[in-house]
Amino acid sequence: MSPVRRCSRTACGRPAVATLTYVYADSTAVLGPLATYAEPHCYDLCAEHSERLTAPRGWEVVRLTDGTAPARPSGDDLEALANAVREAARPQERAAEAGGKGGPRGGDPMEIGRRGHLRVLRSPEN
(Lines give C-alpha, C1' and ligand atoms only; values in the text may rest on other atoms or scores of the structure.)
Protein backbone atom coordinates (compact mmCIF):
# COMPACT_ATOMS: atom_id res chain seq x y z
CA MET A 1 0.00 0.00 0.00
CA SER A 2 1.25 3.50 -0.88
CA PRO A 3 2.00 5.93 1.99
CA VAL A 4 0.39 8.76 -0.05
CA ARG A 5 -3.37 9.04 0.40
CA ARG A 6 -5.32 9.36 -2.83
CA CYS A 7 -8.44 11.30 -3.79
CA SER A 8 -11.67 9.49 -2.82
CA ARG A 9 -13.43 10.43 -6.06
CA THR A 10 -14.00 7.54 -8.43
CA ALA A 11 -11.30 7.14 -11.10
CA CYS A 12 -9.14 9.92 -9.63
CA GLY A 13 -5.67 8.82 -8.58
CA ARG A 14 -4.23 12.21 -7.65
CA PRO A 15 -2.79 12.73 -4.15
CA ALA A 16 -5.24 14.04 -1.56
CA VAL A 17 -4.74 17.55 -0.14
CA ALA A 18 -8.01 18.11 1.76
CA THR A 19 -10.53 16.18 3.85
CA LEU A 20 -14.29 16.54 3.43
CA THR A 21 -16.69 15.80 6.27
CA TYR A 22 -20.48 16.11 6.26
CA VAL A 23 -22.37 17.37 9.33
CA TYR A 24 -25.85 16.11 8.50
CA ALA A 25 -27.53 17.67 11.56
CA ASP A 26 -26.41 21.16 10.42
CA SER A 27 -26.68 20.53 6.64
CA THR A 28 -23.03 21.53 6.35
CA ALA A 29 -20.09 20.20 4.35
CA VAL A 30 -16.74 20.98 6.01
CA LEU A 31 -13.65 21.01 3.79
CA GLY A 32 -10.38 21.38 5.64
CA PRO A 33 -6.71 20.48 5.43
CA LEU A 34 -5.85 16.83 4.95
CA ALA A 35 -6.59 14.98 8.19
CA THR A 36 -3.69 13.32 9.96
CA TYR A 37 -5.36 9.93 9.74
CA ALA A 38 -7.88 8.49 7.30
CA GLU A 39 -11.19 8.44 9.13
CA PRO A 40 -14.32 6.50 8.22
CA HIS A 41 -17.11 8.73 6.87
CA CYS A 42 -14.57 11.36 5.74
CA TYR A 43 -13.46 11.82 2.17
CA ASP A 44 -9.98 12.81 1.01
CA LEU A 45 -9.96 15.07 -2.05
CA CYS A 46 -7.26 16.22 -4.48
CA ALA A 47 -6.69 19.94 -5.17
CA GLU A 48 -8.93 20.00 -8.25
CA HIS A 49 -11.87 18.26 -6.62
CA SER A 50 -11.59 20.32 -3.42
CA GLU A 51 -11.69 23.59 -5.42
CA ARG A 52 -14.72 22.47 -7.45
CA LEU A 53 -16.67 21.15 -4.45
CA THR A 54 -20.33 22.14 -4.29
CA ALA A 55 -22.90 21.15 -1.69
CA PRO A 56 -26.50 20.04 -2.17
CA ARG A 57 -29.12 22.79 -2.36
CA GLY A 58 -29.81 24.20 1.10
CA TRP A 59 -26.45 23.07 2.46
CA GLU A 60 -23.56 25.30 3.47
CA VAL A 61 -19.91 24.68 2.59
CA VAL A 62 -17.38 25.67 5.26
CA ARG A 63 -13.80 25.87 3.97
CA LEU A 64 -11.12 25.77 6.64
CA THR A 65 -7.57 26.83 5.75
CA ASP A 66 -4.40 25.44 7.23
CA GLY A 67 -2.53 28.74 7.08
CA THR A 68 -0.04 27.66 4.39
CA ALA A 69 -2.05 29.13 1.51
CA PRO A 70 -1.54 32.83 0.80
CA ALA A 71 -4.24 34.82 2.56
CA ARG A 72 -6.49 37.14 0.61
CA PRO A 73 -6.50 40.79 1.62
CA SER A 74 -9.18 41.62 4.17
CA GLY A 75 -10.88 44.83 5.21
CA ASP A 76 -8.35 45.11 8.02
CA ASP A 77 -5.51 44.99 5.49
CA LEU A 78 -7.07 47.84 3.51
CA GLU A 79 -7.56 49.91 6.66
CA ALA A 80 -3.96 49.28 7.74
CA LEU A 81 -2.74 50.39 4.33
CA ALA A 82 -4.83 53.57 4.51
CA ASN A 83 -3.47 54.33 7.99
CA ALA A 84 0.10 53.81 6.76
CA VAL A 85 -0.49 56.24 3.89
CA ARG A 86 -1.92 58.83 6.30
CA GLU A 87 1.04 58.41 8.64
CA ALA A 88 3.52 58.77 5.78
CA ALA A 89 1.82 62.01 4.73
CA ARG A 90 1.99 63.63 8.18
CA PRO A 91 5.65 64.78 8.11
CA GLN A 92 4.99 66.64 4.84
CA GLU A 93 1.94 68.35 6.37
CA ARG A 94 3.99 69.51 9.37
CA ALA A 95 6.76 70.83 7.13
CA ALA A 96 4.20 72.75 5.06
CA GLU A 97 2.60 74.20 8.23
CA ALA A 98 5.99 75.32 9.53
CA GLY A 99 6.67 77.17 6.26
CA GLY A 100 3.59 79.39 6.83
CA LYS A 101 2.56 79.51 3.16
CA GLY A 102 -1.00 80.27 1.92
CA GLY A 103 -4.19 78.38 3.00
CA PRO A 104 -5.80 78.05 6.42
CA ARG A 105 -3.27 75.50 7.71
CA GLY A 106 -0.26 76.85 5.92
CA GLY A 107 -0.55 74.29 3.11
CA ASP A 108 -1.82 74.56 -0.44
CA PRO A 109 -3.41 77.98 -1.22
CA MET A 110 -6.19 76.08 -3.05
CA GLU A 111 -7.11 74.28 0.18
CA ILE A 112 -10.25 75.61 1.89
CA GLY A 113 -10.64 73.04 4.65
CA ARG A 114 -9.61 69.65 5.88
CA ARG A 115 -11.31 66.69 7.51
CA GLY A 116 -8.91 63.98 8.57
CA HIS A 117 -6.80 63.10 5.56
CA LEU A 118 -9.32 64.58 3.09
CA ARG A 119 -8.95 68.13 1.75
CA VAL A 120 -11.56 70.54 0.39
CA LEU A 121 -10.13 72.51 -2.52
CA ARG A 122 -11.18 75.88 -3.93
CA SER A 123 -12.73 75.76 -7.39
CA PRO A 124 -10.20 76.77 -10.11
CA GLU A 125 -12.67 79.44 -11.41
CA ASN A 126 -12.61 81.32 -8.07
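Pro56 counts as partly exposed, at 44% relative accessibility, where buried means under 20% relative accessible area, exposed over 50%, and partly exposed in between (1.4 Å probe, protein chains only). Pro56 is placed in the loop between helix H1 (47–51) and strand S4 (60–63); helices (H or I, at least four residues) and strands (E, at least two) are DSSP runs, numbered from the N terminus. Although Pro56 and Ser27 are 29 residues apart in sequence, their C-alpha atoms are 8.8 Å apart in space.

This is a predicted model, in which local features need pLDDT of at least 70 and side-chain atom pairs count only at pLDDT 80 or more, while totals for chains, interfaces and linings use all residues. Residues are numbered from 1 along each chain as its sequence is written, and side-chain values use heavy atoms, with hydrogens and water left out.

**Overall layout**

The protein has two helices and six strands, and these follow the pattern β-β-β-α-β-α-β-β when read along the sequence. Of its 126 residues, 16% count as buried. Contact means heavy atoms within 4.5 Å, and among contacts between residues at least 6 apart in sequence, 43% join residues at least 24 apart.

**Strand pairing**

Two strands are taken as paired if DSSP finds at least two bridges between them. Strands S1 and S2 run antiparallel and are joined by six bridges, with Tyr22 standing opposite Ala29 in S2. These two strands form a hairpin with four residues between them, and Ser27 in the turn has a positive phi of about 50 degrees. Strand S2 also pairs with S4, here in the parallel sense and over four bridges, and the bridge partner of Val30 in S4 is Val62. S5 and S6 form a hairpin with two residues between them, where Gly116 in the turn has a positive phi of about 65 degrees.

Thr28 is found in strand S2 (residues 28–33). Why does Thr28 count as buried? Thr28 counts as buried because its relative accessible area is 10%. Not counting residues up to four places away in sequence, Thr28 touches Thr21, Tyr22, Val23, Trp59, Glu60 and Val62. A polar atom of the Thr28 side chain lies 3.0 Å from the backbone oxygen of Asp26, within the limit for a polar contact, which is a pair of N or O atoms within 3.5 Å; within protein, one must be able to donate a hydrogen and the other to accept it, and residues adjacent in sequence count only if both atoms are side-chain atoms.

**Salt bridges**

Side chains of opposite charge can pair when their charged atoms come close. With a salt bridge taken as a side-chain nitrogen of Lys or Arg within 4 Å of a carboxyl oxygen of Asp or Glu, the count comes to three.

| Salt bridge | N to O distance |
|---|---|
| Arg5 and Asp44 | 2.9 Å |
| Glu48 and Arg14 | 3.1 Å |
| Glu48 and Arg52 | 2.6 Å |

Arg5 lies in the segment before strand S1 (18–23) and Asp44 in strand S3 (residues 42–45), so this pair ties together parts that are 39 residues apart in sequence. Asp44 is buried, at 9% relative accessibility. Glu48 lies in helix H1 and Arg14 in the segment before S1, so that pair ties together parts that are 34 residues apart in sequence. Arg14, Glu48 and Arg52 are linked in a network of salt bridges; within it, Glu48 is partly exposed at 34% relative accessibility, Arg14 is partly exposed at 36%, and Arg52 is exposed at 54%.

**Surface**

Accessible areas come from the Shrake-Rupley method with a 1.4 Å probe, and for residues only the protein chains shown count as cover. The protein exposes about 9,900 Å², of which carbon and sulfur atoms supply 55%. Leu78, Leu81 and Val85 make a nonpolar surface patch of about 320 Å²; patches are made of residues with over 30% relative accessible area and no salt bridge, with like charges joined within 9 Å and nonpolar side chains (Val, Leu, Ile, Met, Phe, Trp, Tyr) within 5 Å. Leu81 lies in helix H2 (residues 75–99) and is exposed, with a relative accessible area of 53%.
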